[in-house]
Amino acid sequence: MTALVDPGSITVPDLGPLSRRNYLNAGYSVRSWLLTTDHKRIALLYLMSITFFFMLGGAAATLLRLDLMTPQADLVQTETFNKLFTAHGVIMVFFFLIPSIPAVLGNFLVPLMVGARDLAFPRLNLLSWYVYMIGGLFTLYALLAGGVDTGWTFYAPYSSTYSNTYVMATAVGIFITGFSSILTGLNFIVTIHKMRAPGLTWFRLPLFIWSIYATSIIMVLGTPVLAITLLLVGLERMLGIGIFDPRLGGDPILFQHLFWFYSHPAVYIMILPSMGVVSEIIPCYCRKRPFGYAFIGFSSFAIAVFSFLVWGHHLFVSGQSIYAGMVFSMLSYMVAIPSAVKVFNWTASLHKGSISFDTPMLYALGFVGLFTMGGLTGLFVAALAVDVHVHDTYFIVSHFHYIMVGGAVMGYLGGIHFWWPKMTGRLYPEGWARLSAILIFVGFNLTFFPQYILGYLGMPRRYHVYPPEFQVLNVMSSAGASILGLGYFFPLTYLIWSLYYGKRASSNPWRATGLEWQTPSPPPTENFVQTPVVLDEAYDYKRMDGQLAEGGAA
Amino acid sequence: MIDDGFRLLPEQASTHAPHVDLLYFCLIGLSVFFTALISALILYFSIKYRRGNTKVDRTPGSGHSLSLEIIWMVIPFVLSMGIFAWGASLYFSGYRPPAGSMEIRVVAKQWMWKFQHPNGRREINTLHVPVGQPVKVTMISEDVIHSFYVPAFRVKRDVLPGSYASCWFEATRTGEFHLFCAEYCGTNHSRMIGRVIVMEPAEYEDWLGGGSSKEPPAVAGERLFEELRCVTCHRPGGATGRCPPMAGLFGREVKLTGGNTVIADENYLRESILRPGAKVVAGFQPLMPGYDGQVDEEQLIQLITYIKSLAKP
Amino acid sequence: MSGETQAPALSPLAHQFDDLTQQNEADDLGMWLFLCTELMFFGGMFLAYTIYRTRDEATFAAASAKLELLWGTVNTVVLLTSSLTMALAVHAAEVRQRRKLIMLLLGTMVLGTAFLSIKFMEYYHKYVHELMPLAGLPFKWDGTSPGHAEMFFDLYFAMTGIHALHMIIGLGIMLVLLVKATRGGLLGDFSGPVRVTGLYWHFVDMVWVFLFPLLYLIGAR
Amino acid sequence: MSHKRSAVVIYVTVYVILLLLLALTVEAARHDLGYWNFAVSLLIATVKAVVIALFFMHVWNSTRLVKLVVATSLLWMVILFTLSLADYWTRDWDSIVGGSQDVTPLDSTH
């Protein structure tokens, strides 16, 4: 018997999915979770942790939006406001968005998709969760002890000399969490290179793997630069090593170079995995191979590489040489091209498909729209003269929320829904899920579209009090945020509900291709009973539907 | 008063603003076009190829098309290079003051703006400027990074501690406009705001003449030059042999020990006053004591303005 | 990564791998990727060094002359020697020579400790000569541009300090290896941890190879 | 056995070469070669690092993938340096172009 898993063989009926042994019922003790090296369990540990941080960051955002309903400072003190937006940024960026898809869906899916029993370094994987949690505890300590008010960007010399809040504890927390990111990325790269199932060549890989691979490159090569930057800020605070503070002979712009060398590519750590998720969802709900597979795949690499060439566009008004500014502006437009390639290819994938509008597809289509808008406004901020005007205004705030929330979070939620049956063995309630997908899309646009206008009008970001003429748009934004908040609340509720009352899922409820669907839901601890052998390209929906039809006819 | 009605676009009050807005409108046009294109295609395909529709031709194509891929790589590339060139040329002119600009000195600190006009008149958080006259603001911060931002002029520049930064604008209409600090600078960042009051040149002259006793920065600088005993070595009449001459220095290229050359600009003069050993002019000994900690930012500006005034024949 | 190959059972192969070649290649690749991140980590500091040095080369040279070239050179020899013993230790582990492995690991650790001792002695000398501008300690500079000289010493302490920290971590890992080796582990097919620790150690050596000319030699003439 | 012998021989040879290079770089640094001092010391350091990587770290007979990883990390260092220095080394251009058109060399030694 060869260990061949035929894409069509899943028509074999699944008898009582939860009655057999799987990774969830392999052990119930706390110890079996906290000392697990199973990538699927670690993914769930991450899922719970990042959900906690998402709610924390969301709470901060709620307070911010409430306070900004009026031009005066009436809900909280200005010190508190500054600490809130810092907390929102730090938590959402470092403790939610960066680990979101890679650490949850990536951890769960990478071994399954490449047909491996686990990641290359399972214990290292567990270690990175602990590292993440320790970093998170430091940051939580900083927040509870009194907060930090530098903004998530930690610009020197404010962060290194002037702020008298808990900068050190936060920086240590982010520094530590960075290692979690590095170790996760490293683990993925090694796994994708060395652990692929027999026959699974690069061009047979799912596009999600391509995008996770590109993400991992950024994690491995970018994160250490953030680490050294924060370390130098820390040394400046503690020991007076004056690398960044001009009073100590340093150059504050050097901080910005080093910080954005990581933090610009970090945006692509957030968006690339979402692009991967969308590239999985669209073919499944169009029942066809994505248009231009190779171009979608390679554009992930192109984005990863180009993302390291453009950081200086955060420094157009900072006192960077205007000639360097021009170089960075031109290079920034290079990122637009692989992004455009992706959007066009996804759109073309719909052509001649057989399209259904289940929840993951709604998120995917929402992603394409919002990412297009976020990406196009990227053209505005890369244009030097326009950036001079909109830099550090709400235009920027809106632009990166379109990418990070409209893009990354939509993709994340789409992915969570798409693979929820695989992860838990349960189906979510479709009606509620569609409703919240639509609510999130509408709420998101209501929240952030007015901020584009606010930004071009000149309202600077991180303003607690603002001139009265900006109030109307701020109220609109806050109103939208309440819809958005409601939209996020629903999935949290019905997904937990579905764990207990959801319908049992078969091994392949969406009739999707991909190795992860060739094993029961939830998968057994060792992922596959037999190591799969791959003979075909990914996304062979034609063959799968053909066999289903035959099976039905027989 | 500042116009505080509801609007969708900021006021245009500088020569630069309409140029930026034109680029902005083109970008909006481009964005609307592409968003509409993508949305329309998604909608069209979604309806035509919905699962329930069985009457539609779904014979699969090849699944890829090199010519399509090339088209949608080349078109964005060409468009974006055009935008780049347009934005860059505006940026270049936006940061390079024309000859004959009036110069206003700005010192920013947590959380206020201090301005000094050419005749020495000072003001805080309010900046009076004449209409139709290019104004160059040269700025420095006493503490953290701030950012000088006047939305109606579409101009913004970070104000750094430790080195001078500048930008310029030419107001085209009288009125009052917002001045914001755009770079987060601590607790009262959002209260580090002010007004730019654009006046008719004659009114501005009147305004300049009013106010309490004042001393033009160059004059104050000359007084400081004597008080700090700079004058013992750097005689205004000419060189003493112990030090390079000050007359005609500003804006020139200076040869340094070690073979490098440097332009004697404001940042060079500032460094040479505070830390004279950093860049020693070729042929001279590093004899001068440093003035780091002995002069504040405003005095430094006065000294530099004085040295600058010596450059004029 | 170094711990990954230590399967609890007698088999050298961890459950997720199919064969030893796959496992060894995965271990090596993992370590190399980690060294990539290390390189970028040090890269940030080397960039800061480059920027501040090009700003004032003369002062940097003058400040560099205050370092003890003799001890710097001795330390380079010590560290290069420790790289040799480490390479030989990896070899000994691979060809299953337990005594040799233990001796060479010990030798590497002794040399590493010697390097750190000399380094800290140099730090102490800097402290005595008031050339340690850290945490408000007095900094005495009689030449020109004390600010730029201070920057040199700031960078000197940051770069060598972080390098020393890497050595301390390396010594800690080697201590674990030593314990395992005395219990008869790490030989033959089990030698993966020694190999990847070797990679790490050589990398730390390589960083010093650049730190030495950049910090000690620019003021030697 | 020959494999074992040859590995040890290679390591010791490499070690001797490294010590010779160290002697060379210290000696070179003691002479005033102007700008060449820096170039020479950096060149020698690079040669030493390459030797360590190739032989002590076995890049010489590693898989192509490891070589690719090494090359990539070096390329990223080049990116970090080139683009950052592109800023630092062109900042002065501003004062040439923007400052005044009448830049004339000033004879500082009168």
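## Before we start

This is a predicted model, in which local features need pLDDT of at least 70, side-chain atom pairs count only at pLDDT 80 or more, and totals for chains, interfaces and linings use all residues. Residues are numbered from 1 along each chain as its sequence is written, while chains are lettered from A and ligands numbered from 1 in the order in which they are written.

## The sheet in chain B

Let's begin with the strands. Helices (H or I, at least four residues) and strands (E, at least two) are DSSP runs, numbered from the N terminus. Two strands pair if DSSP finds at least two bridges between them. In chain B, 5 strands make an open sheet with mixed pairing, in the order S4-S10-S9-S6-S7. S4 and S7 (155-159) of chain B are at the edges with a single partner strand each, so one side of each has no neighbour in the sheet. From one strand to the next, the twist averages 20°.

Now for the individual pairs. S4 (residues 126-130) and S10 (residues 194-199) of chain B are parallel, with 5 bridges; here Pro130(B) has Met199(B) as its bridge partner. S9 (residues 175-181) of chain B runs antiparallel to S10(B), also through 5 bridges, and Phe177(B) is opposite Val196(B). S6 (residues 146-150) of chain B pairs with S9(B) in the antiparallel sense over 2 bridges, where Phe148(B) faces Cys181(B). Helix H3 (residues 201-209) of chain B packs on the sheet and touches S4 and S10 of chain B. The direction of H3(B) makes about 130° with that of S4(B); axes are lines fitted to C-alpha atoms, for helices over the stretch in contact, and angles run from 0 to 180 degrees between N-to-C directions.

## Chain D

Chain D has 4 helices and 0 strands. Of its 110 residues, 25% are buried (20 or more other C-beta atoms within 10 Å of a residue's own, with C-beta atoms placed from the backbone). Its domains, whose bounds come from an automatic or database domain assignment, are domain 1 (1-59) and domain 2 (62-93). Their C-alpha centres lie 23 Å apart.

## Where A meets D

Which chain D residues does chain A touch, and how many? In all, 13 residues of chain A are in contact with 13 residues of chain D (C-beta atoms, placed from the backbone, within 7 Å). On the chain A side, H8 (252-286) and H10 (322-350) each give two or more residues, and H10(A) gives the most, with 4 residues.

Terms used. Contact = placed C-beta atoms within 7 Å. Buried ≥ 20, exposed ≤ 12 C-beta atoms within 10 Å, placed from the backbone.
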